[in-house]
Amino acid sequence: VQLQASGGGLVQPGDSLRLSCAAAGHSFSAYTVTWFRQAPGKEREFVAAITDVGDRLYYADSVKGRFTISRNNAENTAYLQMNRMKPEDTAIYYCAQSLRFHSFSTWYRFPQEYEYWGQGTLVTVSS
């Protein structure tokens, strides 16, 4: 199982950026994909998740209305479109998948529930 996040960079407040998560080595389309982020000195936090066929989307309150998660299963890729970005969005962004069973409905929000992670891509929002 391989996940590779890309698309990070330096942007100004109010700008947009799109992150990609490319997958290989497993049935990407059968599992939820989730984006997390980790700012310096802080714990890794949930950003957004999309179910296997994309029929359910979940967002952290801090990004709701600004970020959009999507996926293209034919291309084994997930995306995170980030609009109206703020300095507090500065972090390393990771995509993740879990291939195992989870016993509670909000499992996707917890980083300890995931076995597979991309390497992370740095997003900096600064003027």
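Guide: Start with Asp61 and Lys64, whose side chains meet in a salt bridge with N and O 3.2 Å apart. The term salt bridge means a side-chain nitrogen of Lys or Arg within 4 Å of a carboxyl oxygen of Asp or Glu. Both Asp61 and Lys64 are exposed. Exposed means over 50% relative accessible area, buried means under 20%, and partly exposed lies in between, with a 1.4 Å probe and protein chains only.

A word on the source. This is a predicted model, in which local features need pLDDT of at least 70 and side-chain atom pairs count only at pLDDT 80 or more, while totals for chains, interfaces and linings use all residues. Residues are numbered from 1 along each chain as its sequence is written, and side-chain values use heavy atoms, with hydrogens and water left out.

The structure has six salt bridges. Now turn to Asp89. Asp89 pairs with Arg66 in a salt bridge, and their closest N and O atoms are 2.7 Å apart. These partners come from distant parts of the chain, 23 residues apart. Asp89 sits in the loop between S8 and S9, and Arg66 in the loop between strand S6 (57-59) and strand S7 (67-72). Strands (E, at least two residues) and helices (H or I, at least four) are DSSP runs, numbered from the N terminus. Both Asp89 and Arg66 are buried. Salt bridges with shared partners tie Arg37, Glu45, Arg66 and Asp89 into one network.

Arg37 counts as buried because its relative accessibility is 5%. Asp89 counts as buried because its value is 0%.

Go back to Lys64 for a moment. One of the residues in contact with it is Tyr59, where contact means heavy atoms within 4.5 Å. Tyr59 belongs to strand S6. Its relative accessibility is 14%, so Tyr59 counts as buried. Setting aside neighbours within four places in sequence, the contacts of Tyr59 are Phe46, Val47, Ala48, Lys64, Phe67, Thr68, Ile69 and Arg109. Val47 is twelve residues from Tyr59 in sequence, and 5.8 Å from it in space, C-alpha to C-alpha. Ile69 also meets Tyr59 through polar atoms. The backbone nitrogen of Ile69 is 3.0 Å from a polar atom of the Tyr59 side chain.

Next, Ser98. It lies in the loop between S9 and strand S10 (116-117). With a relative accessible area of 3%, Ser98 is buried. Its side chain joins that of Glu115 in a polar contact of 2.4 Å. A polar contact is a pair of N or O atoms within 3.5 Å; within protein, one must be able to donate a hydrogen and the other to accept it, and residues adjacent in sequence count only if both atoms are side-chain atoms. A polar atom of the Ser98 side chain also lies 3.5 Å from the backbone nitrogen of Arg100. Beyond its neighbours within four places in sequence, Ser98 is in contact with Tyr31, Trp107, Glu113, Tyr114 and Glu115.

Trp107 leads on to the largest pocket. Of its 14 lining residues, Thr32, Thr51, Arg56, His102 and Trp107 lie nearest the centre. A pocket is found on a 1 Å grid over the protein atoms alone, as an open set of points with protein on both sides within 12 Å along at least five of seven lines; lining residues have an atom within 4 Å of a point. The volume of the largest pocket is about 250 Å³. Its lining has six nonpolar, five polar and three charged residues. Ala, Val, Leu, Ile, Met, Phe, Trp, Tyr, Cys and Pro count as nonpolar, Asp, Glu, Lys and Arg as charged, and the others, Gly among them, as polar.

Methods. On a 1 Å grid over the protein atoms alone, a cavity is a set of points where a 1.4 Å probe fits but cannot get out, and a pocket is an open set with protein on both sides within 12 Å along at least five of seven lines; lining residues have an atom within 4 Å of a point. Grid points are joined across faces, edges and corners, and a volume is the space filled by probe spheres set on the points.
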